[in-house]
Amino acid sequence: MEFYKPSGACPLNAVLLLLATGIPLTLLGGVVYAFGIVYIPLVYVSVLLTLGYSWLLGTTVGWVAMKGRLRNNRLLTVFGLLMGGMGLYTAWAWDAVARLGTEVGLLGFHPFFLWAYLNFLYENGSWSLDGGAALTGPALAAVWLTEAILVLAISVFVGRSWTANLAYCEKCQLWHEVKQGLLHLASDADAPVWQRVEEGDLGALDQLPFGVDSQGRAIRLDLSLCPECEETGYLTAQAVTYTVDEKGAVSEQARPLFAHAAIARETAAWLCEKACQAAAEAMAAEAAVEEAMAAEAALEGQDHEATAG
Ligand SMILES: [Zn+2]
């Protein structure tokens, strides 16, 4: 099987979009973040603000990658780091304004001033965990480091979640649409028939029944198609195990088998047909169960009438 590989393209638009959204967003978001942390000195509020701010930065990266058609996952990570870095920098500048007063103004954004400001806080402390002595030195630096790692990691992680696993049609210049859970086939990943599929014999799929096997196992197929030309199609497979707990809640465990295997247009159409067939069969089975239950209820009703009479 052949697999999808991102082209690696990074249009200039994507870089410009990152700057055009990142700079105003971090300036505005940074104000809320920094003033929130300074004026609401509660640890859980600080943690929530950090998570919310990082999520906003990551979401912007994801949006920029989508709109800017960035097809380079390494650069996508760099975008996330850049946005996280910008976010931290402006938040520190606003932190100086929040603690020292508005007369600091734009000076807060000067790297030399910020470095001196950080050194001052390192020596003298800025806040305490429990209203006691202010945290200083290495303990304070550890808090800063944790914050920085959190902001950068979430910015990258959320940023990547939008497009890192999405295929792109270079011909139509469009992101693919994904039909998630197109088909469930009752099999486990070690079954010989499935092994043949993994070796590239997609016709072998025909030998697997729809649905889930007696142990709750299935192979779940996702189909990724270009919305315009439908010439490029990719198949992703996961081995899933569904379990039902005592309360009837269903949970699933999924394990990736392969991602974005290239398939022909005819194969994609055939799979969609199979999905329709599976849905029709499931509906028929459901209707049969309902019919049987209705018949049983009617019989019971007759029995009741008979005994009452
Ligand atoms: Zn296309």
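1. In this predicted model, H2 passes H3 in a crossing that is right-handed. The two helices pack with their axes 9 Å apart and at an angle of about 140°, which makes H2 oblique to H3. On the H2 side the contact is built from Tyr53, Leu57, Gly58, Thr60, Val61, Val64 and Ala65, and these meet Leu76, Phe79, Gly80, Met83, Gly84 and Gly87 of H3. Sorted by class, the residues of this contact comprise 8 nonpolar and 5 polar, with no charged residue among them.

2. H3, which spans residues 73-100, is also packed against H1, residues 12-39, and here the axes come within 7 Å and cross at roughly 40°. That angle makes H1 oblique to H3, and the crossing of this pair is right-handed. H1 contributes Leu18, Gly22, Thr26, Leu27, Gly29, Gly30, Val31, Tyr33, Ala34, Phe35 and Val38, while H3 contributes Phe79, Leu82, Met83, Met86, Gly87, Thr90, Ala91, Trp94, Asp95, Ala98 and Arg99. The class count for the contact of H1 with H3 is 14 nonpolar, 6 polar and 2 charged residues. A reader tracing H3 in the structure may wish to look at Phe79, Met83 and Gly87, which are listed in the contact with H1 and are listed again in the contact with H2.

3. H2 has a further helix partner in H5, residues 137-163, with the axes of the pair 7 Å apart and an angle of about 35° between them. This crossing, too, is described as right-handed. By class, the contact of H2 with H5 divides into 11 nonpolar residues, 9 polar residues and 1 charged residue.

4. Leaving aside residues up to four places away in sequence, Gly58 touches Gly80, Ile154, Ser155, Phe157, Val158 and Gly159. The C-alpha atoms of Gly58 and Leu81 are separated by 9.4 Å, although the two residues are 23 apart along the chain.

5. Two residues other than glycine have a positive phi and may be worth checking by eye. For Arg69, phi is near 55°, and this residue is found in the loop between H2 (43-67) and H3; with 19 C-beta neighbours inside 10 Å, Arg69 counts as partly exposed. For Gln173, phi is about 55°, and the residue sits in the loop between strand E1 (168-169) and strand E2 (174-175). Gln173 is exposed, with 12 other C-beta atoms within 10 Å.

6. Phe210 lies in the loop between helix H6 (192-198) and strand E4 (217-225). With 17 C-beta neighbours inside 10 Å, Phe210 counts as partly exposed. Apart from residues up to four places away in sequence, Phe210 touches His184, Leu185, Ala186, Ala278 and Glu281. Gln238, which is 28 residues from Phe210 in sequence, is 15 Å from Phe210 in space, C-alpha to C-alpha.

7. Turning to the whole chain, the model has 7 helices and 6 strands, and these follow one another along the sequence in the pattern α-α-α-α-α-β-β-β-α-β-β-β-α. The radius of gyration of the protein chain is 28 Å, well over the 19 Å that the globule rule gives for 309 residues, so the chain is more spread out than a compact globule. Taken along the principal axes, the C-alpha atoms fill a box of roughly 90 × 65 × 30 Å.

8. Of the 309 residues of the protein chain, 26% count as buried. Among the contacts between residues at least 6 apart in sequence, 68% join residues that are at least 24 apart.

Technical notes: Residues numbered from 1 in each chain as written. Predicted model: local features only at pLDDT ≥ 70, side-chain atom pairs only at ≥ 80, totals over all residues. Axes fitted to C-alpha atoms, helices over the stretch in contact; angles between N-to-C directions. Helix = DSSP H or I, 4+ residues; strand = E, 2+ residues; numbered from the N terminus. Parallel < 35°, antiparallel > 145°, perpendicular 65-115°, else oblique. Left-handed = near helix turned anticlockwise from the far one by under 90°. Contact = placed C-beta atoms within 7 Å. Nonpolar A, V, L, I, M, F, W, Y, C, P; charged D, E, K, R; others polar. Rg over C-alpha atoms; globule rule 2.2 N^0.38 Å. Buried ≥ 20, exposed ≤ 12 C-beta atoms within 10 Å, placed from the backbone.
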